[in-house]
Amino acid sequence: MTQGGISYFGIRHHGPGSAESLVKALQELQPVAVLVEGPADASPLLPLLASADMKPPVALLCYPEDDPAATSFWPFAEFSPEYQAALWAVANKAALRFIDLPSAARLAEKAPEGSTGADAAEAEVTEAQGEETARIQDPIGTLARAAGYEDGESWWSDIIEQNPDPGPIFAAIADAMTTLRDGEGAIGKLEAMREAHMRLEIAAARKEFDGPLAVVCGAWHVPALRTAHTQKSDQALLKDIGRRKTTMTYAPWTGPRLALGYGYGAGVVAPGWCKHLWQTRGQDDASVLWLARIATVLRAKGHMISTASLIEAERLARALAAIRERPKPGFEELRDASIAALFNGEALLWKMVEAELLLGADVGEIPPDTPLAPLIDDLQRNQKAARLKPEALERELSIDLRSESGLFRSTLLHRLNVLGVNWGRLTDVGRSRGTFRERWMLAWQPEYAVRLVENLIYGPTIEKAANGRLVQMIGAAATLDALAALVQSAIRAALSEASAAGLAALEEKAAVSSECLEILASVPPLADIIRYGEARKTETERLAGLLERLIIEGAIALPYAARDLDAQAAAALMAALRKADEAIRLVEPDEHVLEAWRGGLSAVLDSSRSTALVAGCAAHLLYEVGRLSAGATADLLAKRLSPGTPVIDAAAFFEGFFSGAGQRLIYDEGLRGAVDAWLASLDEEAFVAHLPLLRRVFSNLDSMERRRLIEAVLGRRASLPAGLMPAPDGGEAWRRHFGIIGKLLAGEPGHGR
């Protein structure tokens, strides 16, 4: 809508229909300057959007130099009207500027959480003073309800995004917004300042340029920008504008982060669908191409999709659109039609592909000559060297640490984890000696750029910042196990400064620590470093000596730590004990160290004050390494599970011995006999009370192992229900109990739940 040589284009941020209409309008108007809603101090960066190397989605990133954590983003997608306006202006040599409040002023005013410089019309008025009405909070929704729609998304899509003949749409939008804003009363301070600043910038441009001007802004602002205000009154609103020194650059964004569902107030419901609408604009077969894309995704996942089913889905989508009185099928109609025609009515199958289709997996790229925050710049260099491209959706990466490229990738991902940038999540370190492989799950999130900015206080490169942050964390670590985990992180990330500081702190802490749980918890990470030292080219001699010392100290402290514990403390100690023992056996220390460790386990087993759960665990660990023979172990179980032992203590010893080791009952007849005798001695009430315990013990057995255990207990011809089985020697209680155990092992419900 034109007024005094100025044309106002009220758009919906990230609306492909708005973008298409805007490009047509600019081509017809041929303005000499394009003024865009956005932080005025970022205007020098605006033409960079038109760089051939800029691949949206990207975001303008602004942060105060004295508080990098207070970062704001202004995202741009391929289908964003502001992005297309920038492309048109650069291609047609028109001046291009942002006209909204400077970023420093917005940061000083502390804009509402989730808002950005590109807030959608229905999300922009958030600080209205006095009673806020529905039409101010949700103007698009108000128009939609007036037109008989249930929500603003569907209305905007039909009228703007997918309307085959929108006509003078910008004039109609301006009139609608004017009607909504009539009589609105006072608005919030921030919104008033924003609109005042935009009016002043428009007035200044009017004086500077001779020719038509185009103003591209959120639809809600159009009436306020067209309304006459005195320059003096607008300047008065801005006299106390906040001023902070800020830094601005671009950062990669992702398709999913343009979605409303990710908390972005100016987002759209389905960014992937919006991108599809933009790329198929002007085509009559947009719905056909969308269905073809659905079929491609499904076929890639192994589903058979026939051409006939696709034709039926397209017909059904058009019928649904007609029934719902929509001009064209939207993604809702195509979704419903796909579920019916392609998924046999199974909505769960749609859920498998929904994110990939509606959200997309796009990650933007920034031109190499863009002035970036130092850590973001260094990350891009490292990503290029590692040949790792950030992607929005999860993908698995297997790394061989023996190769130079694999070690470089692993080091980069570990350093980023130290900085809180969890681009990669380690899923499997390898659990056997000689394993040089890591498995990562990668998924890039836009907020990682913010975390990199926050870490600038530690250094300008990934390596220096990770070193600095880890050294600080090591200085603040209060326990031995926490220190050991940090040293492990430092060595995995090849951070020499942090490794040296961590080892020194670890040695100092180990010299004065007597807390058994801490000592045991520190053993696995240190053993892990030694096991994989060759792959990471780590000097492990100093570390090996420290580990041996900790093992011996843990063995000395263990018998005292195992005394008179409550259930929670006993469970924690048992878990730490099992992990420490596994690490010790894999690292294979000197024989005198092993002897000291096993002596500590024996002392726990022999002490009458040891908590039964921990004593059972110690007995199992001694049995595994042959310190207890099969016969001695069977005798021990018979004794500890005898009728003379309190049921609660017997149950705890049983759990400690067999937790994670239920397979032993399949192959060891002596152990089975001891357990059989204990179970047969229990009365009905005590037996049923301990069924949850038995379920926990057997939970790690797979179906084949459960079947073998049933056969071992009840005989090769075992079949369920167990009540049909001939009773083995031991009487009725035996048959009853093992009938229930058989059902338990077979996974039947109703027992011990």
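**Figure 1. Contacts of serine 610 in the predicted model.** Leaving aside residues up to four places away in sequence, serine 610 touches Ala562, Arg563, Ala603, Val604 and Ala615. The structure shown is a predicted model. Serine 610 sits in the loop between H26 and H27. A polar atom of the serine 610 side chain lies 2.7 Å from the backbone oxygen of valine 604. The relative accessible area of serine 610 is 9%, so this residue is buried, the limit for that class being under 20%.

**Figure 2. Helix H26 and the helices around its buried residues.** H26 covers residues 591-606, 16 residues in total. At 1.5 Å a residue the helix should span 22 Å, and its end C-alpha atoms are 22 Å apart, so the two values agree. The buried residues of H26 are Val593, Leu594, Trp597, Arg598, Gly600, Leu601, Ser602, Val604 and Leu605. Among them is Val604, the residue whose backbone oxygen lies 2.7 Å from a side-chain polar atom of serine 610. Packed against the buried residues of H26 are helices H23 (516-531), H24 (541-561), H25 (567-587), H27 (612-624), H28 (630-640) and H29 (647-658).

**Figure 3. Salt bridge between aspartate 234 and arginine 199.** The two side chains meet at 2.8 Å, N to O. This pair links distant parts of the chain, with aspartate 234 in helix H11 (residues 231-237) and arginine 199 in helix H9 (residues 189-208), 35 residues apart. Both aspartate 234 and arginine 199 are buried.

**Figure 4. Salt bridge between lysine 275 and aspartate 362.** The closest N and O atoms of lysine 275 and aspartate 362 are 2.7 Å apart. The pair again links distant parts of the chain, 87 residues apart: lysine 275 belongs to helix H12 (residues 271-279), and aspartate 362 to the loop between helix H16 (347-359) and helix H17 (374-386). Lysine 275 has a relative accessibility of 24% and therefore counts as partly exposed. Aspartate 362, at 29%, also counts as partly exposed.

Figure 5. In the pair formed by arginine 395 and glutamate 391, the closest N and O atoms are 2.9 Å apart. Arginine 395 is partly exposed, with a relative accessible area of 26%. Glutamate 391 is partly exposed as well, at 31% relative accessibility. The structure holds 31 salt bridges.

Definitions and conventions: Residues are numbered from 1 along each chain as its sequence is written. This is a predicted model: local features need pLDDT of at least 70, side-chain atom pairs count only at pLDDT 80 or more; totals for chains, interfaces and linings use all residues. Side-chain values use heavy atoms; hydrogens and water are left out. Helices (H or I, at least four residues) and strands (E, at least two) are DSSP runs, numbered from the N terminus. The expected span of a helix is 1.5 Å times one less than its number of residues. Buried means under 20% relative accessible area, exposed over 50%, partly exposed in between (1.4 Å probe, protein chains only). Contact means heavy atoms within 4.5 Å. A polar contact is a pair of N or O atoms within 3.5 Å; within protein, one must be able to donate a hydrogen and the other to accept it, and residues adjacent in sequence count only if both atoms are side-chain atoms. A salt bridge is a side-chain nitrogen of Lys or Arg within 4 Å of a carboxyl oxygen of Asp or Glu.
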